[in-house]
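Hello,

Here is the structure I promised to pass on to you. Have a look at it first, and then read my notes below.

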Amino acid sequence: DSQAAAIKTLGLAPTPLSPMPVDTGVRQAPERPPSGVFGVDVFRRSTTQFLPLLAGPVPPDYRLGAGDVLVLILTGDVELTYQLSITREGFVLIPQVGQVFLANLTLDQARNVLYDRLGRVYSGVRRGANATTQFNLSVANVRAVQVHVVGEVNQPSAYQLSALGTVLTALYTAGGVTERANPRAIAVRRNGTRVATFDLYDYLLKGDTRNDVRLENGDVVYVGVRERRVN
């Protein structure tokens with residue numbers, strides 16, 4: 001129809017779904033002799049234990065952001081599939097529905113928004129057993145974020161990581177901590193404010209990952225110098 005033709009003319013028509021490249025984040029660490037400092041050698045092994053799981057659904061608390069690619073599927077009265085990229089302004093553009101702001105929402109919150117917006121166009125979309133059109137929203141490709149890993153790490157730099165990446169992911173990507181590092185107080189700074197302090201030994205000795213926070217764009221992971229070490 002004329003509306004679909006206009007959308008296509010503007011270059012806004014949905015593109016066919018196609019396989020997307022996945023950055024696993026694997027980095028080849030340089031060969032170094034074994035260290036006598038507890039925890040240093042953990043990052044020197046060829047391992048993927050610190051990499052985010054890129055297969056399967058995103059965690060329930062994952063917040064959508066610019067660069068995420070979503071898949072919206074409608075079934076029932078209509079059969080439609082859309083591949084939607086979240087723009088820098090934080091919205092997706094759904095044909096016939098318009099702009100829908102989804103940035104900083106979890107998937108459950110985004111679905112709640114879509115119940116309202118899709119229901120205005122597709123009368124079969126409604127909550128409850130009497131719905132004649134169902135929809136499913138999922139994340140097809142997770143965005144990348146840039147974080148800075150500095151201080152006592154082997155390869156301090158800015159890195160692009162999956163938005164599912166955590167402090168451990170960043171440390172692994174930067175080649176791990178040096179023998180001079182203080183692994184007990186690794187700081188995560190966001191917009192100039194410390195938002196978390198990660199204790200590597202709590203993770204290694206107790207499996208405690210409470211402060212292994214998910215990183216956001218622009219975060220700084222800082223590893224300081226140890227004050228002293230008991231021999």
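**Contacts of Gly-119**

Beyond its neighbours within four places in sequence, Gly-119 is in contact with Leu-114 and Val-125. Please keep in mind that this is a predicted model. Gly-119 belongs to helix α2, which covers residues 107–121, and is partly exposed at a relative accessible area of 27%. Its C-alpha atom is 9.4 Å from that of Val-97, a residue 22 places away along the chain.

The whole structure has ten salt bridges. One of them joins Arg-214 to Asp-61, at 3.3 Å between the closest N and O atoms. This pair links distant parts of the chain, 153 residues apart: Arg-214 is in the loop between α4 and β10, and Asp-61 in the loop between α1 and β1. In helix α4, Asp-202 forms a salt bridge with Lys-206, four residues away. Asp-202 is buried at 18% relative accessibility, whereas Lys-206 is exposed at 65%.

Now to the strands. Five of them form an open sheet with mixed pairing, in the order β7-β6-β10-β8-β9. β7 and β9 stand at the edges with a single partner strand each, so one side of each has no neighbour in the sheet. Within the sheet, β8 and β10 pair in the antiparallel sense over three bridges, and Arg-189 stands opposite Val-220 in β10.

Enjoy exploring!

Best wishes

Terms used
Residues are numbered from 1 along each chain as its sequence is written. This is a predicted model: local features need pLDDT of at least 70, side-chain atom pairs count only at pLDDT 80 or more; totals for chains, interfaces and linings use all residues. Side-chain values use heavy atoms; hydrogens and water are left out. Two strands pair if DSSP finds at least two bridges between them. Helices (H or I, at least four residues) and strands (E, at least two) are DSSP runs, numbered from the N terminus. Buried means under 20% relative accessible area, exposed over 50%, partly exposed in between (1.4 Å probe, protein chains only). Contact means heavy atoms within 4.5 Å. A salt bridge is a side-chain nitrogen of Lys or Arg within 4 Å of a carboxyl oxygen of Asp or Glu.
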